[in-house]
Amino acid sequence: MRRGTITREDLNELIRRWTAERKVIAPVRRDVVELSPVGSADEIAMDYSNTQLPTKRHFFRPSEVLLRFDLRAAPDRHVVEAESDADPTVLFGVRPCEARSHTLLDRVFLREPYCDPYYQQRRANTAVVVLGCTSAGPTCFCTSVGGGPNDHAGADLFLTEIEHGREAHAAIYLLDVVTERGASLLTGFDLPEADAGLIEHASRAAAELAATLKTIADLERIRTAAQTAFDDPVWQAICLSCVGCAACAFLCPTCHCFDIQDEVSGGRGRRVRNWDACSFAHFTLHASGHNPRPERHQRCRQRILHKFTWFPENFGAAACVGCGRCIRACPMGNDIRRWLEAIGKKV
Amino acid sequence: MTMDNKNHLHAPVPQDTRASTASVSSMPSLSPREQKPISNPYLPLQTRVETIRVETDDRMLRTFIVRFIRPDDVERFRYRPGQFAEVSLLGRGEAPIGIASSPTEGDALAFTIHRAGIVTTAIHQLRPGDLLGVRGPLGNGFPIERLEGCNLVIIGGGFAFTTLRSLAVYAMAPHHRGRFGRITILYGARRPGLLLYRSELREWQERSDIEVFVTVDAAEGEWSGRVGFVPAVTKDVAPGSDNAFALVCGPPMMIKYTLPILSDLGFPPERILLSLEMRMKCGIGICGRCNIGPKYVCRDGPVFSLAELKKLPPEY
Amino acid sequence: MNELIRQIRDTARRLLEERQVELVLGFEAGPLPLRNTPCFARSADGADRLTWDRACGLNLAVFLDGPARRIAILAKGCDSRAIVNLLKERRFARENIVIVGVPCEGMIDRRKVERRLGETDFDDARFEGERLVVRSGARTLELPVAEVLRDACRECAMPTPVFYDILLDGATARIPAAGSEAASPADRAERWQRFEAEAAKCIRCYACRNVCPLCYCRECCADQSGPRWVGPAPTPADNQVFLLMRALHLAGRCVDCGACIEACPVGVDVRYLFKRMEREVRERFGYESGRALDEKPPLAGYGTDDPEDFITDV
């Protein structure tokens, strides 16, 4: 891995170049910080905690046309595959937990023998430039789930601010070239090598920051919860104030459930997939009226076990990056860290 | 993946085009135009309805015999008994339906569809010549290779006999019959008018190379066959468990009372195979809807052994 | 511990000890600043967790149809009006609930705090008199409480519960709004633009619906698939239909408690639509949602003097 240093000014120049040839999506401070296509580097917020919504919506759209159809066409031409909108994109300045979530989503959407072409095309056409964390938000727990402020998973380029600078344009960053794709973003740009002292300084700062993050419940033990605590009353206890909305799931960078629905008008229409969530009662409702998870606590249990037991079993890691958005988003103030602690005591 | 022998239960045969789904990291390209298009697992293959047969006297079940519009789709849709497809009407949506035909029966597919929700109700309005989308084949299907050389005890109840029919027809086909030992079929419905595939059942009963027991919970009309619940008839017939597999599909109550009888007859949980139904959408293990614990019924199932199910949470 | 919290805990403890109720619904400290979370107190210990400040903006009436038979509920003015409406709609028996009225000083709109910070994250928030001191990383912001109160609270005419069994002693404050912040722009195009912008944010997580005590349908129109009234996609058009549908279904029922606005994880705020419906019902039928138990909900009854012009009015 090549490691260089770059000034904010040079970085802005790079961004200018990127915006000329592809879409650049970056954090922008409006009411709060949101991901948004940007036209220039000046719009980008580099001093933020985290974006309101995660990056998953860039790859896995809240609503997405899978296919279009025209019933008035010849029978073998009824179905038209949806056109790809996977334009070359740079996802710039996102947090390490976001980039890590992409590697988790990959395991689901790109699992052989089926590959989700919509996700795959966007993923293949998007370079991810990560901005390492220099401070932690109140809901951050990335180190408990294998991530960290300096986690390079899923990053093509990784930026670490090493000098804030009195003026924004005076900031200096360490720039790690993590992948080939990352290197291709720097074509024609002469990246000065970072000296060992700076690298050392940056990794020490990240380690110090990581050390301030509290480790939540023992996730290795929680992995056994499906076997040892499946019928424990703890599930009823933790979800007392859950109202069964999907704020947690829709703001989760790794939740990926969806529904497929047809929309039609005058013989033409679309087959669309929309985000869906296991917290909704009708999620598993059969046409016969039977529901395998009719109770709220069963649905909360599904969400937790899926993330911390079954996803690790199938894909080798927890389906959680510790961004804490679900804690912030829960209208009732439920806290997944508290839930996991309570469950951990029962396994 | 789902059974004790990994080789026998794989997901649908990967097509050449599907095999090109390389991981993202190996694809540094930033231009979508340069990429080879990958096969889209959400696209239905178009079929035309050839024949529609009303199966039950309440008209709630109909069998649709369909044929692919594009001849090369037959090759793309090579299936085994026990697999299912997402059957769809454009504008209405998709429903997961077990494949009732056997690959030994030629290029046409058969789906026996219960009118239950929006999609299946709309499909029931179809007439011969209409179009039906089919996406698949999906799921693991019955582990034919493992069943080879063994006796088959096929136990079905009500509407859930469809993929068992596929298996039975497959095993009875002249060039397959020799691969299996004794074949015993037990099939029951609430009353005679609700039995599926009635004329076929009569033909099967004439055959000397299989044993067929058809029963109803309550007789009516000119019914002269057995009367009794499937579990009771199973106990009565007492199929031997030596070198045998029991393949069970039916309503939850039937399964609940049949399983202990099979255990009493000496069937180990590894040799009792069940096919499950769940609400599904994608059918390929992505949309997250049909899981039972870590297993997705659409991808890891729908066929599970009782031994596997005992390790899973009772959420089905 | 302030006097009001002491009263709340004493009352809860007494109700539980005297076995008047099985459960007291209140608030306890949540995981984040300005985030009190529902407290389900079943014992003296539970009662001691109860707390109160200006971050109790959820409407606990949403939990009244749970399995407990006899429930006490802490109710602000707006919550009490929701309970009145639920009683009118026969959601539960009057004798099964004990309403503990809490005079309300107005609740903080967390969104306003976030907007002032430009961040959704803040590490700490505390009240110093009429100021809210918020810290986010190295930044500290001092905000006059009046500036970050909910619009609904700023305009609230009934901060003291209208209907209760026990009324606690506490201050109410009404900060008269400079002008109704809920007013819609007079210009049609501007109105549409505003609605479009709000609806575009919606991700259809249904937090708004699920925290609303009056949104209790067993099967919401938004979930029904046969027929499909509201498209399920989080697209502009379907979102608009969903928000309008909710506003219509809450006409004459919404108590302007603000829970739905607080609940929205992406900051959708269509309070002005709900206020507009409220005004329609007030002006046409002289009815105020939740004011009194013996007033008939106009949209659930028929009167010979009901205005009819809405049928022909455009």
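User: Is strand S2 (residues 37–41) of chain C mostly covered or mostly open, and how many of its residues are buried?

Analyst: This is a predicted model, in which local features need pLDDT of at least 70, side-chain atom pairs count only at pLDDT 80 or more, and totals for chains, interfaces and linings use all residues. Residues are numbered from 1 along each chain as its sequence is written, with chains lettered from A and ligands numbered from 1 in the order in which they are written. Buried means 20 or more other C-beta atoms within 10 Å of the residue's own, exposed means 12 or fewer, partly exposed is in between, and C-beta atoms are placed from the backbone. S2(C) is mostly covered, with a buried count of 4 of its 5 residues.

User: What is the radius of gyration of chain C, and why call the chain as compact as a globular protein of its length?

Analyst: Chain C has 11 helices and 8 strands. The globule rule (2.2 Å times the number of residues to the power 0.38, with the radius taken over C-alpha atoms) gives 20 Å for 314 residues, and the chain is close to that, so it is as compact as a globular protein of that length. Its C-alpha atoms fill a box of roughly 55 × 50 × 40 Å along the principal axes, and 43% of its residues are buried. The radius of gyration itself is 20 Å.

User: What about chain A: which radius of gyration does it have?

Analyst: Chain A comes to 13 helices and 11 strands, with 55% of its 347 residues buried. Along the principal axes, its C-alpha atoms take up a box of roughly 65 × 60 × 40 Å. A compact globule with 347 residues would be near 20 Å, and chain A agrees with that at 22 Å.

User: How many residues does each side give to the contact between chains A and B, and which element of chain A gives the largest share?

Analyst: Two residues are in contact if their C-beta atoms, placed from the backbone, lie within 7 Å. The contact takes 58 residues from chain A and 45 residues from chain B. Elements of chain A giving two or more residues include helix H3 (96–109), helix H11 (296–315) and strand S10 (258–265). The largest share, 6 residues, comes from S10(A).

User: In the open sheet of 6 strands in chain B, which strands stand at the edges?

Analyst: The order is S4-S3-S6-S1-S2-S5, with antiparallel pairing. Each edge strand has a single partner strand, so one side is left without a neighbour in the sheet; these are strand S4 (93–98) and strand S5 (109–114).

User: Which residue of S4(B) is the bridge partner of B:Val87?

Analyst: Strand S3 (residues 84–89) of chain B is joined to S4(B) by 6 bridges, and the two run antiparallel. In S4(B), the partner of B:Val87 is B:Ala95.

User: Where in chain B does pLDDT stay under 50?

Analyst: pLDDT is the predictor's confidence in each residue, from 0 to 100. Chain B has a mean of 88, and 88% of its residues reach 70 or more. The stretch under 50, for which the model has 68 contacts beyond four places in sequence, is residues 1–37.

Methods:
Pairing = 2+ DSSP bridges.
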